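Please look over the sequence and the model below before reading on.

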Amino acid sequence: MSNKPNAREAILDTASRLFFTQGYHATGLSQIIKDSESPKGSLYYYFPHGKEELALTCINRTSEIVACKLRHCMETSESAAKGIQDFILDMAKEAVDSSFEGVVPFSFWLAVETSCISEELRAACQSVFKDWQEVIKERLLTEGTEEEIATTQASAVVSLLEGSLLQALTYRDEQPLLAAVKIVPALLSITERE
C-alpha cells in the first residue's frame, strides 16, 4: 500500500500552517519539504507547478473544510442567526483549544498577499468568499429574506467572521469572536435597503 496520500496531506498541512504563520512569500518549498518530512520528489509529484499550485490547493482545501462546517451549522440550527452564532462559537473554541495557532483566518492570509502577484490565486480567494456567502444567503432566503438583502447580509457576515477571527488571532483572545456572536442577530435584522 502506498504512502502517497499521507505524504500529500503532510505537505498540505505543513504548507497551510507555514503560509498562515509566515506568509506566502516568506515560505519556501524547501522549508515545506523539510517540515513535512516528505521526500523532495513528493512535493513536485503532487504539485508539479510548484508553490502557486500548492497555495491554490491549500486555499481550496481550507474553503471546503470551512464551508462544510458552516453548512452544517446553517442546516442544523433553528435560524440563520443561530447557525452563524454556533459557527463562530465553534471557531472560538477551536482557537482557544489550539492556543490560537491551529486556526486559519479563512483565506485572508493569501487573499491579501497574493492578489497582486497571481490572478489565479486572487480568483480562488474571491470564489471562497462567494461560496461561504452563498451558504449563508441560501439559509436567509429560506427564512423569507429578500434576495438583495440576503446577499448584502451574507457579505457582511463573512466580513464580520474574517475580521473577528483576525483580531482574535492577533490579540490571542476569544473576545472579538464573542463580540461578533452578539452582533449577528442585529446584523440580520436589517431588512430595509439603504
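Predicted model: local features only at pLDDT ≥ 70, side-chain atom pairs only at ≥ 80, totals over all residues.

Residues are numbered from 1 along each chain as its sequence is written, and side-chain values use heavy atoms, with hydrogens and water left out.

The protein has nine helices and zero strands; helices (H or I, at least four residues) and strands (E, at least two) are DSSP runs, numbered from the N terminus. Of its 194 residues, 44% count as buried. Buried means under 20% relative accessible area, exposed over 50%, and partly exposed in between, with a 1.4 Å probe and protein chains only. Among contacts (heavy atoms within 4.5 Å) between residues at least 6 apart in sequence, 67% join residues at least 24 apart.

Helix H8 covers residues 147-171, and its 25 residues reach 36 Å from first C-alpha to last, close to the 36 Å expected at 1.5 Å a residue. The expected span is 1.5 Å times one less than the number of residues. Buried residues of H8 include Val157, Val158, Leu161, Glu162 and Leu165. An α-helix has 3.6 residues a turn, so residues three or four places apart point the same way.

The axes of H5 (residues 80-97) and H8 come within 11 Å and cross at roughly 20°. Axes are lines fitted to C-alpha atoms, for helices over the stretch in contact, and angles run from 0 to 180 degrees between N-to-C directions. H5 is therefore roughly parallel to H8, a term for angles under 35 degrees. The contact is made by Ile84, Phe87, Ile88 and Met91 of H5 and by Val157, Leu161 and Leu165 of H8.

Just after H8, Arg172 takes a positive phi of about 55°. Arg172 is in the loop between H8 and helix H9 (175-188) and counts as partly exposed, at 47% relative accessibility.

Glu37 is exposed, at 73% relative accessibility. Ser38, in the loop between helix H2 (29-36) and helix H3 (40-46), is buried at 9%. Leaving aside neighbours within four places in sequence, Ser38 is in contact with Ala7, Ala10, Ile11 and Ile33. A polar contact of 3.0 Å joins the side chains of Ser38 and Ser36. Such a contact is a pair of N or O atoms within 3.5 Å; within protein, one must be able to donate a hydrogen and the other to accept it, and residues adjacent in sequence count only if both atoms are side-chain atoms.

Terms used. Parallel < 35°, antiparallel > 145°, perpendicular 65-115°, else oblique.
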